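Good morning, and thank you for coming.

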Amino acid sequence: MKINSDKLIQELLTITENARIAAEKLKSLDTFDLNRKKDAISWSILECIEHLNLYGDFYLPEIEKQLINNKGGSKSPVFKSGILGNYFANLMRVENGKLKKMKSPKDKNPANSKLTITTIDRFLKQLSLLKSLLNQSREVNLTKTKTSISLSPLIKLRLGDTFRFFVFHIERHLLQAFKVLENVDVKARATH
Amino acid sequence: MANKQGFPSDLVNSLIDAANQKIIPKGDFLLREGETEHNLYFIKTGAIRVFYLTEYEEHNIRFGYDGSFINSLSSFIKEKPSEFYIQAIRKTTLLVISKEKLREIINKNDDLLKQYCTLLETAITQQIDREIDILITSPSERLKRVLERSPTLFQHIPLKYIASYLRMKPETLSRIRKDP
């Protein structure tokens, strides 16, 4: 997969901005709705957001570190995807508003952690940092700069793919969060 | 984490008389980042924390428990949005005084105004002590300083929050308490 670097960054910035708007909307819900779960293993809205926070805890510092190291050199007009990176990015992709079901790694499962309104505030701060990192990355080579991944320190992805994977992952779980909202039982809300 | 013993008594009594009592459940927020602080709180019983939220974690910067005053002071003084959150760690009984009421009281006479200045001076020196805390490299030394200021801290505040205040891991804090 090849794409113009500026075009890629712009597309990812747009998804990030949409994520910010979506998260602001979620902030206006009350804590009861944010913690509501369809069943014991499904995630509540706050659990979806906290899952994203946990990924951000790994990827944002890692991306920041690689931008500072700047081992990949200055920008190139085209980004070329790596085989593995492209695979991960596409795995996360949301197609026509549909989600493929997936299992999350154990250490990224937020279920049953204590979550409150600060979960969303923290996510908004991460999105702000993400936006800043995307803008900073306009000046580096998205193909030659590599980052580690959370699953294994031995595997490196091209920065462009890391961003794609990370941003699509956000989009995916926000969609999941809004679907949780849609499934809210109207009768239960009325009696609360 | 000032305690009532250090406070000028006329002022404290006037504030307490003028205040409204409020009981807040564990986990409730008194203030969130972005809101402007209009109140000063006196804690009758319970425990409160003030924290700063980053992308990655919550940093506890101040605690209040039985007999102390607490608020988001910078926001209170500047009348600008708070950078901090204030949350009840336990069910807490508070006395709430608005800024307007506080102004009324301290402007009643010179004595009360002087006492308010003393209160602010205490807050300033505590702030500087805290700045020095953070610069000290030895975790044991940081703990020692804080215990000198607030000997009953561990009776009121859970260990994980104190660890954050001291900028160390809870495991480190447990360890140095046992073997300082």
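**Helix packing and the chain contact**

Helix H1 (residues 5-27) of chain A packs against H5(A) at an angle of about 165°, and their axes are 10 Å apart. Axes here are lines fitted to C-alpha atoms, for helices over the stretch in contact, with angles from 0 to 180 degrees between N-to-C directions. H1(A) is therefore roughly antiparallel to H5(A), a term for angles over 145 degrees, while 65 to 115 counts as roughly perpendicular.

This is a predicted model: local features need pLDDT of at least 70 and side-chain atom pairs pLDDT 80 or more, whereas totals for chains, interfaces and linings use all residues. Residues are numbered from 1 along each chain as its sequence is written, and chains are lettered from A in the order in which they are written.

The contact of H1(A) with H5(A) divides into 12 nonpolar, 1 polar and 3 charged residues. Nonpolar means Ala, Val, Leu, Ile, Met, Phe, Trp, Tyr, Cys and Pro; charged means Asp, Glu, Lys and Arg; the others, Gly among them, are polar.

In chain B, the axes of helix H1 (residues 9-18) and helix H4 (residues 110-135) come within 8 Å and cross at roughly 95°. H1(B) and H4(B) are therefore roughly perpendicular to each other.

Finally, which chain contributes 10 residues to the contact, and which 8 residues? Chain A gives 10 residues and chain B gives 8 residues, where contact requires C-beta atoms, placed from the backbone, within 7 Å. On the side of chain A that touches chain B, H5(A) gives the most, with 6 residues.

Terms used. Contact = placed C-beta atoms within 7 Å. Helix = DSSP H or I, 4+ residues; strand = E, 2+ residues; numbered from the N terminus. Parallel < 35°, antiparallel > 145°, perpendicular 65-115°, else oblique.
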